[in-house]
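Let's take a friendly walk through a protein chain together. Have a look at the sequence and the fold before reading on.

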Amino acid sequence: MSGFSQSSVSSQSSRGTKRKWVPEEDVALVACMVDLHNTGTFNADTGFKAGYLNELEKMSEKVLPNAMLKAKPNLESRIRTLKMDWSIVYDMLSRKNNNSFGWDEHRQLVVAEDAVWNSYTNSHKEADQFRHRSFPYYDQLTAIYAKDQATGKDAQTAADIIEEINAEDVTVTNTHKERNNFHRSEADVSLDDMDLLATQPQTATSKKPR
């Protein structure tokens with residue numbers, strides 16, 4: 001696969017998480033994820049245990065030696081996107097009330113009547129992108145993540161995952177802001193506060209009458 005990986009290097013953005021992935025890299029990444037899942041070493045109820053990204057980095061280096069993919073942010077960000085896309089498709093195909101959707105195995109595409117699409121996307125706008133877009137990794141990611149999609153009160157929908165991803169992005173942004181402001185706030189000690197403590201009136205000692 002080294003023939004295409006050099007082009008991915010030139011597409012690497014300085015911002016890291018905005019890296020442009022080519023289809024062959026997605027195929028290789030998903031294949032590594034399936035292999036890692038099949039070994040069982042890092043399996044968990046929600047996909048993989050902590051530390052699996054470092055193992056995936058080692059695996060990807062073997063199949064994509066020139067892509068220079070790092071566990072963070074490259075693999076972490078791309079897997080998050082793939083899981084979000086998978087969850088959107090999974091919701092359409094696997095929820096009890098969505099039996100009007102079908103799966104075209106040959107085209108790797110969600111299929112349904114226009115009326116079904118129109119009705120569903122009114123309340124699930126994120127699904128509209130898959131009306132004419134294939135998702136060739138559905139079967140592989142279902143084998144990894146389907147157990148994470150509980151039925152009942154603990155069910156996690158595509159909207160939940162999108163909200164979770166957005167929350168993580170906000171947390172990262174806020175963390176950077178806090179670090180940037182730390183020294184500034186630490187040095188900006190209010191002299192008024194110090195004076196207030198120093199000038200508080202002391203309680204006078206009263207003499208008892210004889």
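The report below starts with the whole chain and then turns to a few residues.

## The whole chain

Keep in mind that this is a predicted model. The chain has 8 helices and 4 strands.

How much of the chain is buried? Of the 210 residues, 34% are buried. The accessible surface comes to about 13900 Å², and carbon and sulfur atoms hold 51% of that surface. Among contacts with a separation of 6 or more, 60% are between residues 24 or more positions apart.

## Lysine 83

Now let's look into helix 4, which covers residues 71-94 and holds lysine 83. Is lysine 83 buried or exposed? Its relative accessible area is 16%, and because buried means under 20%, lysine 83 counts as buried.

Lysine 83 also shows how sequence and space can be compared. Tyrosine 138 is 55 residues away from lysine 83 in sequence, while their C-alpha atoms are 9.6 Å apart in space.

## Aspartate 85

Aspartate 85 is found in helix 4 too. With a relative accessibility of 7%, aspartate 85 is buried.

Which residues does aspartate 85 touch, leaving out those up to four places away in sequence? They are Gln129, Phe130, Arg133 and Phe135. With arginine 133 there is a polar contact between the two side chains, at 3.0 Å.

Methods. Residues are numbered from 1 along each chain as its sequence is written. This is a predicted model: local features need pLDDT of at least 70, side-chain atom pairs count only at pLDDT 80 or more; totals for chains, interfaces and linings use all residues. Side-chain values use heavy atoms; hydrogens and water are left out. Helices (H or I, at least four residues) and strands (E, at least two) are DSSP runs, numbered from the N terminus. Buried means under 20% relative accessible area, exposed over 50%, partly exposed in between (1.4 Å probe, protein chains only). Contact means heavy atoms within 4.5 Å. Accessible areas come from the Shrake-Rupley method with a 1.4 Å probe; for residues, only the protein chains shown count as cover. A polar contact is a pair of N or O atoms within 3.5 Å; within protein, one must be able to donate a hydrogen and the other to accept it, and residues adjacent in sequence count only if both atoms are side-chain atoms.
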